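Me: Hi! I've got a model open and would like to talk it through with you. Could you take my questions as they come?

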Amino acid sequence: MLRPIIACSALGAVVGSVLAGGVLFARAEGTPNAVTIDNFFFTPGTITVKTGTTVTWTNRDDIPHGIASSNNAFKKSAALDTDESYSFTFTTPGTYQYFCYLHPKMVGSIVVEQ
Amino acid sequence: MSEIDHRDGVSRRKVLECMTWCGTGVLWTISGGVPHSLGIMGEAQAADSRGLTFLQISDSHVGFDKPANPNALGTLEEAITKVNALPQKPAFMIHTGDITHLSKDKEFDDADHIISQSRLDVHYVPGEHDLIDPDQGKVYRERYGKATKGAGWYSFDANGVHFIGLVNVVDLKAGGLGNLGNEQLEWLEGDVKGRPASTPIVLFAHIPLWTVAQDWGWGTQDGAQALGYLKKFGSVTVLNGHIHQVMQKVEGNVTFHTARSTAFPQPAPGTAPSPGPMKVPDDQLRKMLGIANVTFKQNEQRLAIIDSPLQG
């Protein structure tokens, strides 16, 4: 009884993520300092920016997420509810690993170049 | 008398049968490792009045208003109405976390207003959604943490059963799972030391202490260490939430069990791209939300756990 519902809902989510992926790709091309959160993933998972760039994370999920540096190298965000954003300006070159402090399996990185 | 009074022992076939059943979310119970389908709640309730009966609710996510359930407060109220209609009043209730969706004062107020209508003592542990106020858990600790240690862990005894509430949603590490941490583990080791091996133990925490789905973070990285301190005990029951569905595993003397949410369902592992809220047809929602009723009977190794959906 439940099987068809689960399968149907999973299919819907897959279709949704494929569509969202297309939109994200276009957005990422236009503004390489933007990271979106969809389906518990940071997209793109790694971005490369120039020193002084402000990176903005936006949560598109129905569940809150939070951004935290893996080694406390930058200020962590408040919890982001749906469609909320967090921005941080990276002024020092380096590779910044980060994760969602609510769902730590979610990881990403920002590469800051000179 | 119900047949759940008279079972003991556990066979591989029965465990597998149980695990098959769990995925379907059918109303069921376990005693002595033997699962039984129960047609009505009252059948199990009438089984035995001598033991200890308590309730588990979980993941009420008060404040959640997304398509998967625009009225999470309403379904929590339905769950409490169901609690109040039980033929046998439980001794108390445990809430295994994610009381609120965003740790807002009003969400905690609304949750308390509804849950207090059960007129039961409630023992809470926090979920990650309860600790995301600007002060990272201050609101939760002020409300529920007065008699607790650290981030909110504690233990208590009822009818000879030792209950331990743990917190595995604090100080999570990049790439990792749920986390108990050394301070809490040391406390746990001391808490159970010196207790007779015959003491039944009930351990409860938000995220499953066993790994349900590694990719989705449904597990606790130092959960095995915690369970290591409980090896000598003949009866250990681990109750969790977080995954918004019923899952059960029996391993030696340890029974692992997760409860439904009262707010929204989440997909079974591997059936969706993410563990986020699952939108189901409106007429299916209440079949996937619910409460758990747990009964301990003297001289039985395993607790009887009855998962009861809000509807169906």
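Me: Which strand holds A:Thr46?
Reply: A:Thr46 sits in strand 3 of chain A, residues 46–50. Helices and strands here are DSSP runs, numbered from the N terminus, with at least four residues (H or I) for a helix and at least two (E) for a strand. This is a predicted model, where local features need pLDDT of at least 70, side-chain atom pairs count only at pLDDT 80 or more, and totals for chains, interfaces and linings use all residues. Residues are numbered from 1 along each chain as its sequence is written, while chains are lettered from A and ligands numbered from 1 in the order in which they are written.

Me: Why does A:Thr46 count as partly exposed?
Reply: Because A:Thr46 has 13 C-beta neighbours inside 10 Å. Buried takes 20 or more other C-beta atoms within 10 Å of a residue's own, exposed means 12 or fewer, and partly exposed is in between, with C-beta atoms placed from the backbone.

Me: What does A:Thr46 touch, leaving out residues up to four places away in sequence?
Reply: A:Gly108, A:Ser109 and A:Val111. Contact means that the C-beta atoms of two residues, placed from the backbone, lie within 7 Å.

Me: OK, sheets. What is the strand order of the 4-stranded open sheet in chain A?
Reply: The order is 2-1-4-6, with mixed pairing. Two strands pair if DSSP finds at least two bridges between them. Strand 2 (41–43) and strand 6 of chain A are the edges, each pairing on one side only. From one strand to the next, the twist averages 20 degrees; axes are lines fitted to C-alpha atoms, for helices over the stretch in contact, and angles run from 0 to 180 degrees between N-to-C directions.

Me: Do strands 1 and 4 of chain A run parallel or antiparallel?
Reply: Strand 1 (34–38) and strand 4 (53–59) of chain A are parallel, over 4 bridges, and A:Ile37 stands opposite A:Asn59. Strand 4 also pairs with strand 6 (85–90) of chain A, antiparallel and over 6 bridges. There, A:Thr53 has A:Phe90 as its bridge partner.

Me: Over to chain B. What is the strand order in its 6-stranded open sheet?
Reply: That one reads 6-7-8-9-11-10, with mixed pairing. Its edge strands are strand 6 (154–158) and strand 10 (247–251) of chain B, and the twist averages 15 degrees from one strand to the next. Strand 6 of chain B runs antiparallel to strand 7 (161–165), joined by 5 bridges. B:Tyr154 stands opposite B:Gly165 in strand 7 of chain B.

Me: Which residues touch the most other members of the largest nonpolar core?
Reply: B:Leu76, B:Leu166, B:Val167, B:Leu203 and B:Ala205, in a core of 95 residues. Such a core is a set of buried Ala, Val, Leu, Ile, Met, Phe, Trp, Tyr and Cys residues joined through C-beta atoms within 7 Å. Helix 3 of chain B (72–84) gives the largest share, 6 residues. Leaving aside neighbours within four places in sequence, B:Val167 has contacts that include B:Val125, B:Trp153 and B:Ala205. Across chain B, 52% of the 312 residues count as buried.

Me: How many residues of chain A are in contact with chain B?
Reply: 28 residues of chain A, meeting 30 residues of chain B. Helix 1 (3–30) of chain A gives the most to that side, with 7 residues. The side divides into 16 nonpolar, 8 polar and 4 charged residues. Asp, Glu, Lys and Arg count as charged, Ala, Val, Leu, Ile, Met, Phe, Trp, Tyr, Cys and Pro as nonpolar, and the others, Gly among them, as polar.

Me: Last topic, confidence. What pLDDT does chain A average?
Reply: Chain A averages 82, with 73% of the residues scoring at least 70; pLDDT is the predictor's confidence in each residue, from 0 to 100. Over residues 1–30 of chain A the pLDDT is below 50. Chain B averages 86, with 84% at 70 or above, and its residues 1–49 are below 50. The model scores ipTM 0.82 and pTM 0.83.
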